[in-house]
Amino acid sequence: MLQNIFDSHAHYDDPRFDEDRDALLGSMAEHGVRAIMNVGNTTHANLAGIELAKQYPFIYCSIGIHPDQAAEIAAQNSREYLDVIASQLSYEKAMALGEIGLDYYYDDASPRDVQRKIFEKQLALAKDLDVPVIIHNRDAHQDTLELLNKYRPKGIVHCYSGSAEDAVQLAAQGLYIGFGGACTFKGAKRAAKAIAALPLERIVLETDCPYMAPEPVRGTRCDSSLIRYVGEYIASVKGEEPEQVFRQTVENACQVYNLSV
């Protein structure tokens with residue numbers, strides 16, 4: 001039985017877990033899951049991520065404004081929301097600012113200039129607070145790289161989909177690269193090249209659950225027990241034993257989140 005898994009990016013406050021959340025999380029020890037980072041969005045009313053971290057000793061949380069929220073936040077008082085983030089990050093189990101970033105996939109989402117403004121403000125806040133960031137980058141590689149090069153944050157580039165060359169550059173900059181179920185898909189050739197090019201010491205495992213269940217269970221609701229498929233796939237690409245991948249990626253996640261689990 002595996003006893004060495006850290007899911008560095010999950011969304012257990014998602015409504016798709018409402019019916020069985022407690023039972024599912026209560027079973028994680030059986031699957032060798034030692035720690036989970038529950039990644040949330042900040043609003044005045046929604047503190048579900050913090051509440052989960054309070055309830056379960058192996059769950060930690062992050063706080064941030066997702067790019068999909070950027071227009072909504074910018075139309076209100078972004079300075080006020082940044083103050084909310086700073087306040088929530090004072091909680092002892094809030095370990096990162098995220099997920100934050102850019103998402104240019106949908107044309108009707110938040111305008112790109114607004115996303116960039118909110119992203120940049122949060123990168124600056126992370127530097128001020130000396131906390132790691134969790135970066136969301138979807139079809140916005142160039143703008144994301146530009147801002148990461150400008151602010152040089154510590155943290156994780158989540159659900160990596162860029163080139164191997166950019167992955168190596170980001171790792172050399174001190175960032176960790178997150179891979180989840182999508183890297184196991186048959187068409188994920190760029191992910192395979194990035195995994196092969198990166199040192200194992202710069203890779204973390206994630207699920208992004210309930211999204212992106214890996215092969216061979218693609219299309220089902222994802223949860224942290226399925227991360228073993230991601231680790232086994234990365235082991236096959238790297239020519240490593242799966243247990244070494246799990247062991248090293250736990251160490252990596254603990255390093256970036258400043259944890260001991």
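Ile 36 is buried, because its relative accessible area is 0%, below the cut-off of 20%. The model described here is predicted.

**Ile 36 and its contacts**

Ile 36 belongs to strand E2, which covers residues 33-39. When residues up to four places away in sequence are not counted, Ile 36 touches Phe 6, Asp 7, Ala 10, Tyr 12, Leu 25, Met 28, Phe 58, Ile 59, Tyr 60 and Ser 224. Ile 36 and Thr 144 stand 108 residues apart along the chain, and their C-alpha atoms are separated by 26 Å.

In soluble globular proteins, nonpolar side chains tend to be buried together. The largest nonpolar core in this model holds 72 residues, and the members that touch the most other members are Tyr 12, Ile 36, Leu 97, Leu 123 and Phe 179. Helix H5 (residues 112-129) supplies the largest share of this core, six residues. Leu 123 is in contact with Ile 100, Val 133, Ile 135, Leu 147, Leu 148, Tyr 151 and Pro 153, leaving aside its neighbours within four places in sequence. A second, separate core has 17 residues, including Phe 6, Ala 35, Tyr 60 and Val 204.

**Pocket and cavities**

Rolling a probe the size of a water molecule over the atoms shows where empty space is left. The largest pocket is lined by 37 residues, and those nearest its centre are Glu 99, His 136, His 158, Asp 208 and Tyr 211. Two or more lining residues come from each of strand E4 (94-103), strand E5 (133-138), strand E7 (176-179) and helix H8 (189-197). E5 gives the largest share of this lining, three residues.

Three cavities of 30 Å³ or more are found in a search of the whole structure. The lining of the largest cavity includes Asn 137, His 141, Val 157, Tyr 160 and Asp 166. Helix H6 (141-151) and helix H7 (164-172) are the elements that give two or more residues to the lining of the largest cavity. H6 gives the most, with four residues.

The volumes and the classes of the lining residues are set out below.

| Space | Volume | Lining residues by class |
|---|---|---|
| Largest pocket | about 920 Å³ | 14 nonpolar, 14 polar, nine charged |
| Largest cavity | about 60 Å³ | five nonpolar, four polar, one charged |

Note on methods
Residues are numbered from 1 along each chain as its sequence is written. This is a predicted model: local features need pLDDT of at least 70, side-chain atom pairs count only at pLDDT 80 or more; totals for chains, interfaces and linings use all residues. Side-chain values use heavy atoms; hydrogens and water are left out. On a 1 Å grid over the protein atoms alone, a cavity is a set of points where a 1.4 Å probe fits but cannot get out, and a pocket is an open set with protein on both sides within 12 Å along at least five of seven lines; lining residues have an atom within 4 Å of a point. Grid points are joined across faces, edges and corners, and a volume is the space filled by probe spheres set on the points. Ala, Val, Leu, Ile, Met, Phe, Trp, Tyr, Cys and Pro count as nonpolar, Asp, Glu, Lys and Arg as charged, and the others, Gly among them, as polar. Buried means under 20% relative accessible area, exposed over 50%, partly exposed in between (1.4 Å probe, protein chains only). Contact means heavy atoms within 4.5 Å. A nonpolar core is a set of buried Ala, Val, Leu, Ile, Met, Phe, Trp, Tyr and Cys residues joined through side-chain atoms within 4.5 Å.
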